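Please look at the sequence and the structure shown here, and keep both in view while reading. The report that follows goes through them part by part.

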Amino acid sequence: MHGKERVIGPALMGVLPLSGFTAIPNADTDQFGAFSGEVQRTLDPLTTCIQKAKHGSEVSGLDLVIASEGSFGPYPPAPFIPCNEEILVLYDAQDDTFFQHKHLSLETVFGGERCSSLSEVMTFAERMKFPEHHLVLRAKEKWEPGDAVHKGIADRERLRALSGTLLVDRGSCWVETDMRAMGNLTRMRVIAETAERLAQELLNSCPACGECWFRITEALPGLPCELCGWPTQSVRAYRRSCRSCGYVSEVPRPDGKATEEPGHCQHCNP
Ligand SMILES: [Zn+2]
Ligand SMILES: [Zn+2]
């Protein structure tokens with residue numbers, strides 16, 4: 001519904017012998033939750049994404065379907081930084097199996113604010129890289145039945161007119177970033193990265209049995225401090241596992257980082 005096939009399709013086509021890709025025209029994925037608050041997501045992101053992929057397969061009759069699910073919120077280790085988690089699920093209906101990949105990015109344009117004047121609205125919009133990043137307007141932060149939701153606001157005239165009306169009628173308004181991928185270039189880029197990573201993970205085959213998707217199943221902490229050698233909470237290595245034969249192996253960090261700065265060490269910087 002939001003044009004994500006433009007970045008997901010080419011990433012998978014580049015590495016897998018697929019004959020083509022298409023967006024499923026009559027899939028309604030908003031029923032599983034919408035960012036603007038009218039439909040709450042009731043399941044966890046991965047389960048939601050799996051349901052979307054299954055729904056896509058049911059309505060289209062296709063047996064390889066990919067679905068995406070994004071979440072936004074504070075970055076757990078540093079809650080003042082916003083982050084974006086993207087999940088992609090590839091569903092193989094013939095075998096009833098799922099291949100998923102989760103990617104966390106600190107590159108995100110995400111926020112919301114209660115405004116009581118037009119200048120507050122415009123200042124917030126500026127900070128959220130508007131109009132390249134679209135906005136949503138409603139009366140209050142928490143949507144209530146009967147309240148209008150204005151989505152996909154992409155020009156200053158419309159933002160001024162709609163927020164002006166709300167300010168007059170309700171005294172204040174809630175303005176936030178529209179997180180649907182087609183209205184948020186930064187999110188679209190994170191989805192593209194996630195698709196590339198999923199494609200690479202799918203290509204990775206098990207050294208023991210040759211099955212595809214010899215994927216990362218665990219991040220192992222304990223990267224030593226460069227000053228004292230104490231094991232920190234930072235990732236030291238990853239564990240890859242085979243879903244078919246159960247073979248497991250430990251692989252180093254892809255960035256080659258072998259030590260952590262003392263600032264992250266519980267021993268040097270308690
Ligand atoms: Zn294997
Ligand atoms: Zn240390």
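## Terms and overview

A residue is called buried if 20 or more other C-beta atoms lie within 10 Å of its own, exposed if 12 or fewer do, and partly exposed in between, with the C-beta atoms placed from the backbone. By this count aspartate 96 is exposed, because 10 other C-beta atoms lie within 10 Å.

This is a predicted model, in which local features need pLDDT of at least 70 and side-chain atom pairs count only at pLDDT 80 or more, while totals for chains, interfaces and linings use all residues. Residues are numbered from 1 along each chain as its sequence is written, and chains are lettered from A and ligands numbered from 1 in the order in which they are written.

The chain has 5 helices and 10 strands; helices (H or I, at least four residues) and strands (E, at least two) are DSSP runs, numbered from the N terminus. Of the 270 residues of the chain, 27% count as buried, and the C-alpha trace spans about 65 × 55 × 30 Å along its principal axes. Two residues are in contact if their C-beta atoms, placed from the backbone, lie within 7 Å. Among contacts between residues at least 6 apart in sequence, 60% join residues at least 24 apart.

## The four-stranded sheet

An open sheet of 4 strands has the order β4-β7-β5-β6, with antiparallel pairing, where two strands pair if DSSP finds at least two bridges between them. The edge strands are β4 (112-115) and β6, each of which pairs on one side only. From one strand to the next the twist averages 20°; for such angles, axes are lines fitted to C-alpha atoms, for helices over the stretch in contact, and the angles run from 0 to 180 degrees between N-to-C directions. Helix α3 packs on the sheet and touches β4, β5 and β7, its direction making about 165° with that of β4. Helix α4 also packs on the sheet, touching β5, β6 and β7, and its direction makes about 150° with that of β7.

Strand β5 is joined to β6 by 3 bridges and to β7 by 4 bridges. Arginine 138 has valine 149 as its bridge partner in β6, and tryptophan 174 as its bridge partner in β7. Along β5, Leu135 and Leu137 point one way while Val136 and Arg138 point the other way, and all of these are buried.

## Helix α4

How far apart should the ends of helix α4 be? At 1.5 Å a residue, its 15 residues (156-170) should span 21 Å, and the end C-alpha atoms are 21 Å apart, which agrees; the expected span is 1.5 Å times one less than the number of residues.

The buried residues of α4 are Leu159, Ser163 and Leu166. They cover an arc of only 55° around the axis, which puts them on the same side of α4; the arc is that of the directions from the helix axis to the C-beta atoms. An α-helix has 3.6 residues a turn, so residues three or four places apart point the same way. On the other side of α4, Glu157, Val168 and Asp169 are exposed. The buried residues pack against α3 (118-127), β5 (135-138), β6 (149-153) and β7 (173-177). After α4 comes glycine 171, whose phi is positive, near 85°.

## Two nonpolar cores

A nonpolar core is a set of buried Ala, Val, Leu, Ile, Met, Phe, Trp, Tyr and Cys residues joined through C-beta atoms within 7 Å. In the largest one, which has 18 residues, Ala53, Ile66, Ala67, Leu88, Val89, Leu90 and Ala195 touch the most other members. The elements that give two or more residues to this core are α1 (5-13), α2 (45-60), β1 (64-75), β2 (78-92) and α5 (185-203). Apart from it lies another core, of 15 residues, among them Phe130, Leu137, Cys173 and Val175.

Most residues other than glycine have a negative phi, and most peptide bonds are trans. Aspartate 96, in the loop between β2 and β3 (97-105), has a positive phi of about 50° although it is not a glycine. Tryptophan 213, in the loop between α5 and β8 (215-221), has a positive phi of about 60°, and with 21 C-beta neighbours inside 10 Å it counts as buried. A cis peptide bond, with omega about 5°, joins phenylalanine 130 and proline 131, and proline 131 is found in the loop between α3 and β5.
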